[in-house]
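User: I have a chain open here and want to go through its fold. Can you take my questions as they come?

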Amino acid sequence: HLSELNECLPLLLQLRERLKREDLPDPRGFLAAVAKPLVTHPDAVGWVDRQLEAGRVLLMIDGLDEVPRSDRDRARKWLSDLIDAYPQNRFVVTSRPAAVPRGWLRHHGFAELETQPMSAGDISRLVEGWFDAMSEAHDHGLVNRARAAVVQQLRDNPDLAELATSPLMCTLICALS
């Protein structure tokens with residue numbers, strides 16, 4: 001269902017980090033925001049603009065809820081201007097539900113989705129996928145022992161298993177094993 005995203009360039013802008021340092025970036029500042037070392041490459045000038053113009057960007061904007069309430073209208077205008085300027089791109093905006101009113105971006109065609117707790121099967125697939133990815137770069141024996149330990153801990157500890165229903169928490173459990 002997501003095959004249309006295969007050719008997209010994913011760019012993640014974390015608003016919390018941007019607001020600590022400066023104003024919200026314009027497209028010329030996206031590369032510096034997500035991959036500062038690449039900015040000095042001679043081909044970098046205008047590269048993000050060209051990707052946006054071609055409609056190849058999946059712009060993921062994280063942490064709208066971390067923008068101070070007094071700046072949220074400014075953040076919405078910034079986002080609206082981006083969408084109006086580059087409508088053929090894809091945009092994902094994350095926020096805790098209570099941070100903005102329902103329908104806050106509906107006029108731009110945004111669908112509002114909520115992360116649901118994962119099932120036991122979902123948790124199992126996430127754990128397996130996470131450790132499979134780790135085994136490509138690390139000692140297979142070590143990774144398999146860590147995988148087995150996480151699976152056992154999730155089986156033996158109901159409180160930990162409950163935490164693992166959140167994708168973020170499940171990933172953290174894997175990473176900290």
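User: How many helices and strands are there in the protein chain?
Analyst: The protein chain has 8 helices and 3 strands. This is a predicted model.

User: In what order do the elements run from the N terminus?
Analyst: They run β-α-α-α-β-α-β-α-α-α-α.

User: What do the strands form?
Analyst: An open sheet of 3 strands, in the order β1-β2-β3, with parallel pairing. From one strand to the next, the twist averages 15°.

User: How many bridges join β2 to β3?
Analyst: There are 4 bridges between β2, residues 57-62, and β3, and the two strands run parallel. As for individual residues, I61 has V93 in β3 as its bridge partner.

User: Which helix packs on the sheet?
Analyst: Helix α4, residues 72-85, does, and it touches β1, β2 and β3. The direction of α4 makes about 160° with that of β3.

User: Changing topic to helix pairs. At what angle do α5 and α8 cross?
Analyst: At roughly 45°, with the axes coming within 10 Å. Here α5 covers residues 120-135 and α8 covers residues 167-175.

User: Is the crossing left-handed or right-handed?
Analyst: α5 passes α8 in a right-handed crossing.

User: Which residues make the contact?
Analyst: On the α5 side, I123, L126, V127, W130 and F131; on the α8 side, P167, C170, T171, C174 and A175. By class, the contact of α5 with α8 has 9 nonpolar residues, 1 polar and no charged ones.

User: What about R147, where does that lie?
Analyst: R147 lies in helix α6, which spans residues 140-156.

User: Buried or exposed?
Analyst: R147 is buried, because its relative accessible area is 12% and the cut-off for buried is under 20%.

User: Which residues is R147 in contact with, leaving aside neighbours within four places in sequence?
Analyst: R147 is in contact with E128, F131 and D132. Of these, F131 also belongs to the α5 side of the contact with α8.

User: Back to the chain as a whole. What share of the residues count as buried?
Analyst: 33% of the 177 residues of the protein chain.

User: And what share of the contacts between residues at least 6 apart in sequence join residues at least 24 apart?
Analyst: In the protein chain, that share is 65%.

Key
Residues numbered from 1 in each chain as written. Predicted model: local features only at pLDDT ≥ 70, side-chain atom pairs only at ≥ 80, totals over all residues. Heavy atoms only, no water. Pairing = 2+ DSSP bridges. Axes fitted to C-alpha atoms, helices over the stretch in contact; angles between N-to-C directions. Contact = heavy atoms within 4.5 Å. Left-handed = near helix turned anticlockwise from the far one by under 90°. Nonpolar A, V, L, I, M, F, W, Y, C, P; charged D, E, K, R; others polar. Buried < 20%, exposed > 50% of the residue type's maximum accessible area, 1.4 Å probe, protein only.
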